[in-house]
Amino acid sequence: MSEAANSLILATVEHLVQFAPFDQMAREHLLWMARKLTLGYFAKGEVILSPGQTDPVPFLIIKQGIVQGEQGIAQTQEDSAWLELHDGECFPLGALLADRPVTSVYRASSDVFCYALPAGDFLQLTRLSAAFHDFCTRRIANLLEQSKHLIQAGYSKASSEQQSMSSSLASVIRREPVTCAPDTSIRQALQRMEDHGVGAMVAVESRVPKGILTLHDVLSRVALAGMDLDEPVIRIMSTNLITLPPHAAAHEAALAMAKQGIRHVLVTDSGRLTGVISEKDLFSLQRVGLSRISTAIRHAPDLALLKQCARDIQQLARNMLAQGVAAEQLTQIITTLNDLLTTRIIELELQESPARGIEFCWLALGSEGRFEQTLNTDQDNGIIFALKDNQDPAALRAVLLPFAKRINLALAECGFPLCGGDVMASNPKWCLSLDEWQTTFDKWIYHGAPMDLLHSTIFWICCTRPSSSTSVRSTVRPTWGRRCVNGCRQPHRRTRASSTSLPSMPCATDRPSAWCAIS
């Protein structure tokens, strides 16, 4: 090595020993690292690392300048970064230790010079130097704690904004308005209100509101007045309508209700009806609660309301995260509500489906089966069905697959993306009879290829959603040992047992319709 190169390495070491953890490392390890470092320059505003980067992620040490870590969900103020790094600090430790891409964008906040160490050399250095390894471990823990506090602060700010009376009426509207023509009969209008489960009917012409009838009006204007139900509904409607634009704040609707003594305000855009805000809608702004969401899901008449319930689940989770609810409790609550949502979608789809006559169970797999769903999760599901009287499994599968596809698409509309690996009930590979599932598990156990192991981690912890006929549930029994879907463990029988030798085991935590997995 030339004298000039050696002098540069020594100068690099002397610079680094001013900062942790390099001030605690043995000199031989510092010299080893310095020989492998390269120096790079990044102009102000330039992205240094990003999640979409395909090049290997290096270990970077800031020689001079300021680097900011940007992660939208954790930003607590506009134009602010969740992490700011200065001279002597290093990044991205988490990505390097986990051998994955970065999850934040690292951007030069000023002109920046960075030392770069290849990932392989970084990992070797953690093995060579105990001081360096200890620093990396403690640094990750500190960053995780800092990130948690920032996320909580961000969600706390967002939830306080979203649950205030300053929200726009456009964001409060929960469904499309239920309308009729002015000459619709009173009988038809009331039946339509009953069918849609609404408390107000608006008469419109070319989407322009002409009158409103509420359930409160029915007693005095219809029942007590002995009104002929075949009369046009416009005759008993209130025509002095109170309207507000979509951008008006919720508190303006509350003021209008208080001043006029009414329970509904119409939302119009350029004179055309876009929604109806009720007193109940305004009350719900102040509290997105478990009971209200679960009740709404159980009685949802259509997918549109379930999509709103899915948004409410997300909002509730963010509020609870902002309040510091522990991760285990939070994921269990999210999973429970998402289970209810899935169950209701299945119930709605079954109403007009030929699958109604088939005994089957919907399998919730992966994070849902483990009770570990987070704010962002895709679908992992399957179907197990029972055969009767020498039925052909292919024939039953042909009926179930279109049904499963509709459920998968409905879940996607509710915010659960389709599985990129196609581990879904609409895939013929995962819509199987009980015998077919047992044959599949046999293959995974005795063959043991890498893909078999991957499938095992997905499928061997699950819970079931039975169809209206529950006898199939009693046949879904643990076959290769037992593990509860909620994580509690019982002694395993690792040798293969027959499908009837072990009793079916209801979930210890009273999870609705949940049964232990074949595990």
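Helices, taken as DSSP runs of at least four residues, and strands, as runs of at least two, are numbered from the N terminus. The model discussed here is predicted. The protein contains 18 helices and 20 strands. Of its 519 residues, 47% count as buried. Among contacts between residues at least 6 apart in sequence, 69% join residues at least 24 apart.

Helix H1 spans residues 3-16 and includes Val13. Is Val13 buried or exposed? Its relative accessible area is 1%, so Val13 is buried, the limit for that class being under 20%. Once residues up to four places away in sequence are set aside, Val13 touches Arg27, Leu30, Leu31 and Ala34. Val13 and Met33 are 20 residues apart along the chain, and their C-alpha atoms are separated by 8.9 Å. Between H1 and helix H2 (27-36) runs a loop, and Pro21 has its place there. The peptide bond joining Ala20 and Pro21 is cis, with omega about 5 degrees. A further cis peptide bond joins Phe91 and Pro92, where omega is about -5 degrees. Pro92 is placed in the loop between strand S6 (90-91) and helix H3 (93-98).

The discussion now turns to a sheet. Three strands form an open sheet with mixed pairing, in the order S12-S13-S14. Strand S12 (243-244) and strand S14 (272-278) each have a single partner strand and stand at the edges, so one side of each is left without a neighbour in the sheet. How do S12 and strand S13 (residues 264-269) run where 2 bridges join them? They run parallel. Within this pairing, Thr243 stands opposite Leu266 in S13. S13 and S14, by contrast, pair in the antiparallel sense, over 6 bridges. In that pairing, Val267 has Gly275 in S14 as its bridge partner. S13 and S14 form a hairpin with 2 residues between them. Ser270, in the turn, has a positive phi of about 55 degrees.

The loop between strand S16 (381-385) and H15 contains Asp389. Although Asp389 is not a glycine, it has a positive phi of about 50 degrees. At 34% relative accessibility, Asp422 counts as partly exposed. Asn427 is found in the loop between H15 and S17 as well. At 11% relative accessibility, Asn427 counts as buried. Leaving aside neighbours within four places in sequence, Asn427 is in contact with Leu401 and Asp422.

Strand S17 (residues 431-433) includes Ser433. With a relative accessible area of 2%, Ser433 is buried. Which residues does Ser433 touch, not counting those up to four places away in sequence? They are Ile384, Phe385, Leu387 and Arg397.

The final part of this account concerns a pair of helices. Two packed helices are described by the angle between their axes and the distance between the axes. For helix H16 (residues 434-447) and helix H17 (residues 450-459), the axes come within 9 Å and cross at roughly 130 degrees. That angle makes H16 oblique to H17. The crossing of H16 and H17 is left-handed. On the side of H16, the contact is made by Trp437, Phe441, Lys443, Trp444 and His447. H17 contributes Asp452, His455, Ser456 and Phe459. The residues of this contact divide into 4 nonpolar, 3 polar and 2 charged.

Methods
Residues are numbered from 1 along each chain as its sequence is written. This is a predicted model: local features need pLDDT of at least 70, side-chain atom pairs count only at pLDDT 80 or more; totals for chains, interfaces and linings use all residues. Side-chain values use heavy atoms; hydrogens and water are left out. Axes are lines fitted to C-alpha atoms, for helices over the stretch in contact, and angles run from 0 to 180 degrees between N-to-C directions. Angles under 35 degrees count as roughly parallel, over 145 as roughly antiparallel, 65 to 115 as roughly perpendicular and the rest as oblique. A crossing is left-handed if the near helix is turned anticlockwise from the far one by less than a right angle, and right-handed if clockwise. Contact means heavy atoms within 4.5 Å. Ala, Val, Leu, Ile, Met, Phe, Trp, Tyr, Cys and Pro count as nonpolar, Asp, Glu, Lys and Arg as charged, and the others, Gly among them, as polar. Two strands pair if DSSP finds at least two bridges between them. Buried means under 20% relative accessible area, exposed over 50%, partly exposed in between (1.4 Å probe, protein chains only).
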